[in-house]
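Please keep the sequence and the model in view while working through them.

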Amino acid sequence: VYGPSSTPSHPLATAPVSPPPFSVDGFVKEFLHELNTNQGVALSRSSINDQYLALASTVKNYLMARWLETGRKTRESQAKTVGYLSAEYLLGRQLGNALLATDLGDIAQRGLELCGLDLATLRAQEVEPGLGNGGLGRLAACFIDSLATMNVPCIGYGIRYEYGIFRQTFVDGRQVEQPDTWLALGSPWEFPHPEASVTVHFGGHTEKYTDAAGTERTRWVPEWNVLGVPYNYMVPGYLNGRVNTLRLWSAQATQAFDLQIFNSGDYADAVRAQTFAENISKVLYPEDSTPQGKELRLQQQYFFVACSLRDFIDNELEEGFDLHRLPERIHFQLNDTHPVIAVPELMRILVDDHGFDWDEAWEVTQQCFAYTCHTLLPEALEIWSTELLGRLLPRHLEIIYQINDEFLARVREAFPGDELRARRMSIIAEYPSRGVRMAYLATVAGTKVNGVAELHSQLLRDKVLPDFSELYPDKFTNVTNGVTPRRFVRMANPKLSELITDAIGSGWVTDLERLRELEPYADDPEFREQFRAAKAWNKSRLTDLLAQRDGIELPDGHLLDVMVKRLHEYKRQSLKLLHIVSLYEQVHSGAIAAADLTPRTVVFGAKAAPGYKMAKDTIHLINKVAAIVNADPVLEGRLKVAFPANYNVTLAEKLIPAADLSEQISLAGMEASGTGNMKFALNGALTIGTDDGANVEIRELVGDKHFFLFGMSEPEVAQLGAQGYHPGSYYESNPRLKAALDLIWSGHFSDGDRYLFDSVVTNLVHNDRFMVLADFDSYLATQAKVEEKYADVDAWTRSAVLNVARSGFFSSDRSMRDYLKRIWHTQPVI
Ligand code: C3B
């Protein structure tokens, strides 16, 4: 029960909360107040961390009135809410974004100066919440930013991991993972609400009983439970006064555990039981695109969706709300298969807790969900063993079986006699062992299934779920991903933003298609000059950062060639590496003169899943090659390789705006979309890329002449795969390729050790699902075209400006408009 117990009589108690005064003096007063009362220190004795925390509180105070008002308006309007269910949110630092959203940046800077402090120093103190692995988690963060900016009611639901994605360090060139202690110095952006905790059950068994009306029912008798404690985060819209909520759940032991500890003779054992419960939200699984099928992971998934559904039904809806009307008030978006266990959970709530009959419950459930698929790699589609699911969530497994029975009856009705099809489509896989195919469950249950770029959605229909698209042709749709222009242009690239705003006004920040108005400026020499100046400023900012952060020296005047993304074979960092090794080899063998090299610095940023050996070996090899190349006098400093450790959102914000060339070189048909590719184009880098994921749409929009396409197309890849890929033939027939591979094999980069990188090279030459060698020639030829164009400064800049002007489509605001229209059918609330 919320609110006061009797009618308030003081006038202030019912007045709307108003934000603190918006002036430098008001800011200073508020900031010092926070420093003194929250941190308990005087300015003269305060640490940088104190100052940062006080600044964060000050900005939060400005947002608070708006947050409360947003909640009031949303409840009053009874508008449909988007419930974004995602196991990952890769938020990035909060302070800069909050200053931008409130337009407090200048005031804060001037106010802090008057206190003898520096805003940039305080901003650098923030540790970003790394509660995601890569693209999927960052996408969720962009989407909630866009919904807030577009005035759409949304609650983001997820997990408050105590340890986010590991901090990557290099020891002798090898990746070593350190725990991410992002909470250690305080976490000013969250609001815990232990009093609103939700109990989540696990294990046990089910039993039949007859209710008062004489109906046969099932109930779940669980064995153990944990508490989900909600932590609320503000999600401020850009300059619109709306602040949505991100609600992340933290697992705590219930009192049963405490009692057990109190009564237990074996104190240590009892404390272990408590630790067991709290482990659920302890750590983010660092596997990206390769689920491990671990029990704790399923616990995490069920934990957060059970909390979220309960929270929405019990706390967001009015008391006594008729759940038959639930689809009028919520659409839950399933971000990949991770939250799909929400489907049987909602069925359980409706049938077991609210007495719905099965058909009624299914009718409601089907209207409440939609599913986004983010991959095409078959091994990335989650399948939970029925043994594990049945042990952990026995009632849910029963419900899944019943959903499957009814679904297969429908399939058999639509395709009589086609038993093979029924088996293929079964939600329950029988081979190699019995398991629940979560993607199938989501497809059957949801109103819509979407891929994340045109090509991906088409392949999803044609290759991954063809039977389903035949049965439900209208369920399948595409929503091409997008990125928030607030964080990734306006905030990350202030110089370019200023230039754009001077040219076309500031409307582009919330209406990115307006960047089109920049097109004529591509032909304006003065504008191009200023554009280059902005790029140069970004490069020098990056140079300073890498010097101080990593001790890496970036040479002046180089083409900055950047490949940043998770380390995965399908993304083909090894192709980029072979390019570097080949340039080095060609100079040393005298095939080209060092003086003819285009001065180029290649920057890598990539984390490998800790258990992914090939990926870790590739990181090691990149670092070894970097060490030799960077120290080589023969190259005359014209080729450099930089691999700053621990690539994250914070580093991306500095790296991407500085880049000249964006590497998007996955094997065609493998990268669902990519979103880094969009950030680079919007910041005026040119792309070298395959015809894959959103690259296809980027190239269509910016134009062939302003994009470096190379490699096999998806149908060519499929054909080569079908006829049999024999990488050895490329090795044998291409002397330049052979020389590069042989050089690695010879131990040249591993102090003479021929075996150190044997597995990497042997895989490329003998196996390699991702056909690196097949695209090598085309890649190198296209890199030569890059160099030719880069030599023509005006032509290059013209293309770069056109990349910016024509990439407005890739705003996540546009993605959100697509979801709103085609999937959620909800409206902004103004
Ligand atoms: C990623 C895909 O690999 C990217 O192509 C895509 O742009 C993003 O999702 C966002 O849609 N992805 C991921 O980061 N993690 C997964 N488990 C699956 C896909």
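1. In which loop is the place of Glu636? Glu636 lies in the loop between helix H23 (613-631) and strand E22 (639-642). Helices (H or I, at least four residues) and strands (E, at least two) are DSSP runs, numbered from the N terminus. Phi of Glu636 is near 55°, a positive value in a residue other than glycine. Most residues other than glycine have a negative phi, and most peptide bonds are trans. Glu636 counts as partly exposed because it has 13 C-beta neighbours inside 10 Å. A residue is called buried if 20 or more other C-beta atoms lie within 10 Å of its own, exposed if 12 or fewer, and partly exposed in between, with C-beta atoms placed from the backbone.

2. Some remarks on the source of the coordinates are needed here. The model is predicted: local features need pLDDT of at least 70, side-chain atom pairs count only at pLDDT 80 or more, and totals for chains, interfaces and linings use all residues. Residues are numbered from 1 along each chain as its sequence is written. The protein chain has a mean pLDDT of 96, and 99% of its residues reach 70 or more; pLDDT is the predictor's confidence in each residue, from 0 to 100. Where pLDDT is low, the predicted coordinates should not be read in detail. The scores of the model are ipTM 0.98 and pTM 0.97.

3. Asn151 also has a positive phi, near 65°, in a residue other than glycine. Asn151 belongs to the loop between helix H7 (135-149) and strand E4 (154-159). With 17 other C-beta atoms within 10 Å, Asn151 is partly exposed.

4. The segment after H33 contains Pro828. Leaving aside neighbours within four places in sequence, Pro828 is in contact with Met150, Asn151 and Val152; two residues are in contact if their C-beta atoms, placed from the backbone, lie within 7 Å. The C-alpha atoms of Pro828 and Pro153 are separated by 7.0 Å, although these residues are 675 apart along the chain. Pro828 is partly exposed, since 13 other C-beta atoms lie within 10 Å.

5. Helix H33 (residues 812-824) itself holds Arg822. Arg822 and Val479 are 343 residues apart in sequence, and their C-alpha atoms are 9.0 Å apart in space. Arg822 has 15 C-beta neighbours inside 10 Å and therefore counts as partly exposed.

6. How do helix H11 (residues 342-353) and helix H14 (residues 394-414) meet, and what is the crossing angle of their axes? The two axes come within 9 Å and cross at roughly 100°. Axes are lines fitted to C-alpha atoms, for helices over the stretch in contact, and angles run from 0 to 180 degrees between N-to-C directions. H11 and H14 are therefore roughly perpendicular to each other. Angles under 35 degrees count as roughly parallel, over 145 as roughly antiparallel, 65 to 115 as roughly perpendicular and the rest as oblique. Pro344, Glu345, Met347 and Arg348 of H11 make the contact with Arg395, His396, Ile399 and Ile400 of H14. These contact residues divide into four nonpolar, one polar and three charged. Ala, Val, Leu, Ile, Met, Phe, Trp, Tyr, Cys and Pro count as nonpolar, Asp, Glu, Lys and Arg as charged, and the others, Gly among them, as polar.

7. Is helix H16 (residues 438-445) largely enclosed or exposed? Eight of the eight residues of H16 are buried, so the helix is largely enclosed by the rest of the structure. The buried residues of H16 include Met438, Tyr440 and Leu441.

8. Tyr431 and Pro432 are joined by a cis peptide bond, with omega about 0°. Pro432 is in the loop between strand E16 (428-429) and strand E17 (435-437).

9. Finally, the ligand should be considered. Among the 19 residues around the ligand, Gly135, Leu136, His374, Ala672 and Ser673 come nearest; a residue is near a molecule or strand if its C-beta atom, placed from the backbone, lies within 6 Å of it. The shell around the ligand consists of five nonpolar, eleven polar and three charged residues.
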